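Colleague: I have not looked at this structure before. Could we go through it step by step?

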There are 2 protein chains.
Amino acid sequence: MNRPIGIMDSGVGGLTVMKEITHALPSEEVYYFADSMRCPYGPKSQEDVKQYTKEAVQFLIDKGVKAVIIACNTATAAVMPALRDEIDIPVYGVINPGSLGALRKSDNNEMLLLATEGTIKSGAYERGILSFDSDVKIHNLPCPEFVDLIESLDFENSDITRKAVADKLAPYKNTAADTVILGCTHFPIIEPFIDEFFNGRKHIIDAGFEAVSVALVQLHKKQLLSAHDKTPAHRIFIHGDNNRFEKVLNSWIPDIDYKIENIYLQESY
Amino acid sequence: MNRPIGIMDSGVGGLTVMKEITHALPSEEVYYFADSMRCPYGPKSQEDVKQYTKEAVQFLIDKGVKAVIIACNTATAAVMPALRDEIDIPVYGVINPGSLGALRKSDNNEMLLLATEGTIKSGAYERGILSFDSDVKIHNLPCPEFVDLIESLDFENSDITRKAVADKLAPYKNTAADTVILGCTHFPIIEPFIDEFFNGRKHIIDAGFEAVSVALVQLHKKQLLSAHDKTPAHRIFIHGDNNRFEKVLNSWIPDIDYKIENIYLQESY
């Protein structure tokens, strides 16, 4: 079906999910909604995040998407699976696929979860993992600093990023956990530094990547993938302003065509 | 680790799980707890089932098991994942593995769930499936009659079973669902009749089998599988009386050594 796939995130984080889609299926058109006006979602209340996420999903549906990936762990924790009662197109979240990926990769059933406060407080990863195996040890580390680092573009300075990662992860330098869950879609952007900090010795789970794997299989089964073979131009809808967005997009997914449009939800509704 | 794996169920249903374990890993000893005194769990309140399940798990732990499989969907729905806060050995339930197996097998994302009222009311399968894909259609069919049929041994009469299955499933004879979830561990015992009713045209998911697959992989990773290679004698603890239990055991898993012990929880505690 030649309609776009919607991706929503609070900011640039979902670009890590968009990258996976555009690489795996270059003929899929993506409509991306970035809620820059209300970013970051991490410290906000569950109720607020739920409301923002619904608005974003509805915006994308009104634009004609055939499915939505909630490329934000905080938003997934707030609305899944309840959202499905209100929406009649497929919606995919990042947490359960991420939980399952971690459970599969870990050899010693001990994990370090890096996420926002909102995601950690929701307990959604713990529920996802412990409902398969009650005896898994999960260390929760809220890393709101990483979201700020990435949204501000400071991450482009390797020295700053290396230091931020080292400062934050220092208490876990010698953790027995063999698996690190990137439970925020922003974090794959600094994954090389996290990997370097642990000397390449941890399994690193990118929840966004796991979600795209699930979503693409399911969309294929629903015969919802695009039939044409041209490479589309994607559309990026930025709620509010974000003059840094394009820079991250260009460095993160340098090889795509896109058009950025600034939108304001209050006016468009 | 040469300690037994515990299995608990309200009655004979968990024998379908025991069969998978004894076939997959013949060197594993199984301690089976059948709560015949309080069977069936399906129509009971969530609170009661929670209490019974906790007692059963504690009984098995006191007997020295290294892990417990809750081979009962109703019990899984009532205690997972909350139980893990109170228990420090691995506990595995049947619902999430079953949900995931169904999601993988179904080609058209439409499923028929056969289970007890308790399991269906809990919504646990829907949560498990819809948290991976919001757009899956699940038809819920409570089948308490099947539990009675199997516990009473009437299922050994093919004519009775064929008729019971046909009567119950008649409204779904032409369902678009391509996948049938056996969301009660009793049901694999009559799976051939369910398969026959649908002319072999449905994927049939045995949640117990899926759970054993998950549990064995996880126990292997935890280095908790047995090291010895002898075939053990299993122990069956029947809470209350069940003079039909042994007959189902012998017809369902004819090739194992076992000892049945009748126990009474009030006295043993």
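Modeller: This is a predicted model.

Colleague: What is the phi of B:Asn109, which is not a glycine?

Modeller: Although B:Asn109 is not a glycine, its phi is positive, at about 60 degrees.

Colleague: Where in chain B does B:Pro40 lie?

Modeller: The peptide bond from B:Cys39 to B:Pro40 is cis, with omega near 0 degrees. B:Pro40 is placed in the loop between strand 2 (30-34) and helix 2 (46-62) of chain B.

Colleague: Into which domains is chain A divided?

Modeller: The centres of domain 1 and domain 2 of chain A, taken over C-alpha atoms, are separated by 22 Å. Their contact takes 31 residues from domain 1 and 27 residues from domain 2. In residue numbers, the division of chain A is domain 1 (5-93 + 209-268) and domain 2 (95-207).

Colleague: How many salt bridges are found across the interface of domain 1 and domain 2 of chain A?

Modeller: Polar contacts are counted separately, and there are 16 residue pairs in polar contact between the two domains of chain A (both at pLDDT 80 or more). Helix 1 (15-24), helix 3 (73-79), helix 10 and helix 11 (245-252) of chain A each give two or more residues to the side of domain 1 that touches domain 2. By class, that side has 13 nonpolar, 13 polar and five charged residues. For salt bridges, the rule finds one.

Colleague: How far apart are N and O in the salt bridge of A:Glu156 and A:Lys247?

Modeller: Side chains of opposite charge can pair when their charged atoms come close. A:Glu156 and A:Lys247 meet through their side chains, and the distance from N to O is 3.4 Å.

Colleague: What area is buried between chain A and chain B?

Modeller: The size of an interface is often given as the accessible area lost when the parts come together. Here the contact takes 27 residues from chain A and 27 residues from chain B. Carbon and sulfur atoms give 49% of the buried area, which is about 2,700 Å².

Colleague: Which element of chain A gives the most to the side that touches chain B?

Modeller: Across the interface of the two chains there are 20 residue pairs in polar contact (both at pLDDT 80 or more). Strand 4 (91-92), helix 4 (95-105), helix 6 (124-130) and helix 10 (207-221) of chain A are the elements that give two or more residues to this side. The residues of the side divide into twelve nonpolar, six polar and nine charged. With five residues, the element that gives the most is helix 4 of chain A.

Colleague: Which residue of chain B meets A:Asp135 in a salt bridge?

Modeller: The structure holds 26 salt bridges over all chains, and four salt bridges are counted between chain A and chain B. In one pair that crosses between chains, A:Asp135 is in the loop between helix 6 and strand 6 (137-142) of chain A. At 3.3 Å from N to O, its partner is B:Lys222.

Colleague: Which residue of chain A comes closest to the rotation axis?

Modeller: A rotation of 180 degrees with 0.0 Å of shift along its axis superposes chain A on chain B, with an RMSD of 0.0 Å. The two copies are therefore related as by a two-fold rotation axis. Both copies use the same surface, as 100% of the contact residues of chain A recur in chain B. At 4.5 Å (C-alpha), the residue of chain A closest to the axis is A:Gly128.

Note on methods:
Residues numbered from 1 in each chain as written. Chains lettered and ligands numbered in written order. Predicted model: local features only at pLDDT ≥ 70, side-chain atom pairs only at ≥ 80, totals over all residues. Heavy atoms only, no water. Contact = heavy atoms within 4.5 Å. Buried area = accessible area lost by both parts, 1.4 Å probe. Polar contact = N/O pair within 3.5 Å; in protein donor to acceptor, adjacent residues only side chain to side chain. Helix = DSSP H or I, 4+ residues; strand = E, 2+ residues; numbered from the N terminus. Nonpolar A, V, L, I, M, F, W, Y, C, P; charged D, E, K, R; others polar. Domains from an automatic or database assignment. Least-squares fit on C-alpha atoms with pLDDT ≥ 70 in both.
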